[in-house]
Amino acid sequence: MKVLKVPARTIAVFVLPCLLLYVCLVFIPILVSVYTGLLKWDGLSAATFIGLGNFKDMFFNDPVFWPSVKRTLLYAVASMVEIPLCLLMAVLLNRYLRRGNTLVSIYFTPVILSVVIIGQLWKTVYNPTSMGGMLNGVLVSLGLDSWTHNWLTEPQIAMYALYFVSLWQYFGYHLLIQYTGVQNIPDELYEAAKIDGADGFKADRYITLPLIVPIFKISIVLAFIGSLQAFDLVMVMTAGGPAHATDVISTHMYNSSFGSFKYGYGSAIATFLVAVCLVFTGFINMIFNRIDRKFN
């Protein structure tokens, strides 16, 4: 089979516009944010260059920063809990249901809903009053009155309530990714494995898992990095409250920039968030590269 060589000039014609768009919309704003993080600026008056002063305050003098980092990392870790479950469900749907696509589409519905709609829906579910609170109402009807809570206003449990909503919202998204990956595995491989005595979950161990690793990696990266940037759902449901109990990095950045008019300080937090995303993306890629080498 003859392989056609594409001239470098032709490749550049197609790649250059996208590269320029990426540089203008992503790379340059990141650099501007890094520079702004070196300034003391309220967005109105003249900016003053203070070097690493904002970063020093962020790491050593801000009582909200490190707790928000901890919550963000827990948010990211919690977002990956559902991915193995999505993979298991994708395998079962592909094996036992002829029209699994319909069920996957139903699970995907929350993904296409507006975050504002989802936030308002779950605020109603979590409402602590017996008349408007569906969750507390169900618990009371089951005789579990001691389990009722003010789900979004108790600092000890408010963040866990947000974790659950996020898992519910994106379950269908990761299920669709895993289901598509499982469907793309050729049936001939399973038929050959069945002849050799490997069927059911044994075939999944030696065929499905090794071949689904790249798709699994996509879900992990999207879930983890997306959760590090979590903002909209938190702002709609709690706005970081009560008493900063649900503040994550993004909401703390927003409140610092637009609530306290510390745009330089907010940019420093944004720079930290970009660095964390890059570090964890590289770390996840390194882990999955080792897994690929193990299977191959």
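**Note on the predicted model**

1. With a relative accessible area of 26%, Thr-148 is partly exposed; the classes are buried under 20%, exposed over 50% and partly exposed in between, with a 1.4 Å probe and protein chains only. Thr-148 sits in the loop between helix 7 and helix 8. Helices here are DSSP runs of H or I with at least four residues, strands are runs of E with at least two, and both are numbered from the N terminus. Asp-247 is 99 residues away from Thr-148 in sequence, and the C-alpha to C-alpha distance between them is 23 Å.

2. Basis of the values. The model is predicted, so local features need pLDDT of at least 70 and side-chain atom pairs count only at pLDDT 80 or more, while totals for chains, interfaces and linings use all residues. Residues are numbered from 1 along each chain as its sequence is written, and side-chain values use heavy atoms, with hydrogens and water left out.

3. Overall form. The protein chain has 13 helices and two strands. Its C-alpha trace spans about 75 × 70 × 30 Å along the principal axes. Of its 296 residues, 37% count as buried. Among the contacts in the protein chain with a separation of 6 or more, 69% are between residues 24 or more positions apart.

4. Surface and charge. The accessible surface of the protein chain is about 17,800 Å², and carbon and sulfur atoms hold 69% of that area; the areas come from the Shrake-Rupley method with a 1.4 Å probe, and for residues only the protein chains shown count as cover. There are 19 positive and 15 negative charges, and their mean positions lie 9 Å apart. Lys and Arg count as positive, Asp and Glu as negative, and His and the chain ends are not counted. Each charge is placed at NZ of Lys, CZ of Arg, CG of Asp or CD of Glu.

5. Cysteines. With a disulfide defined as a pair of cysteine sulfur atoms within 2.5 Å, the count is zero. Cys-18 is in no disulfide, and the nearest cysteine sulfur, that of Cys-24, is 12 Å away. Cys-18 is exposed at 56% relative accessibility, whereas Cys-24 is partly exposed at 47%.

6. Helix 6. Which residues of helix 6 (residues 115-125) are buried? They are Val-115, Ile-118, Gly-119, Trp-122 and Val-125. These residues lie on the same side of helix 6, because the arc they cover around the axis is only 120°; the arc is that of the directions from the helix axis to the C-beta atoms. In general, an α-helix has 3.6 residues a turn, so residues three or four places apart point the same way. The cover over the buried residues of helix 6 includes helix 5 (100-112), helix 7 (134-141), helix 8 (158-183) and helix 11 (232-237).

7. Backbone points to check. Most residues other than glycine have a negative phi, and most peptide bonds are trans. The bond from Gly-241 to Pro-242 is cis, with omega near -5°, and Pro-242 is in the loop between helix 11 and helix 12 (249-259). His-244, in the loop between helix 11 and helix 12, has a positive phi near 65° and is partly exposed at 41%. Phe-261 has a positive phi near 55°; Phe-261 belongs to the loop between helix 12 and helix 13 (263-295) and is partly exposed at 44% relative accessibility.

How values were computed. Contact = heavy atoms within 4.5 Å.
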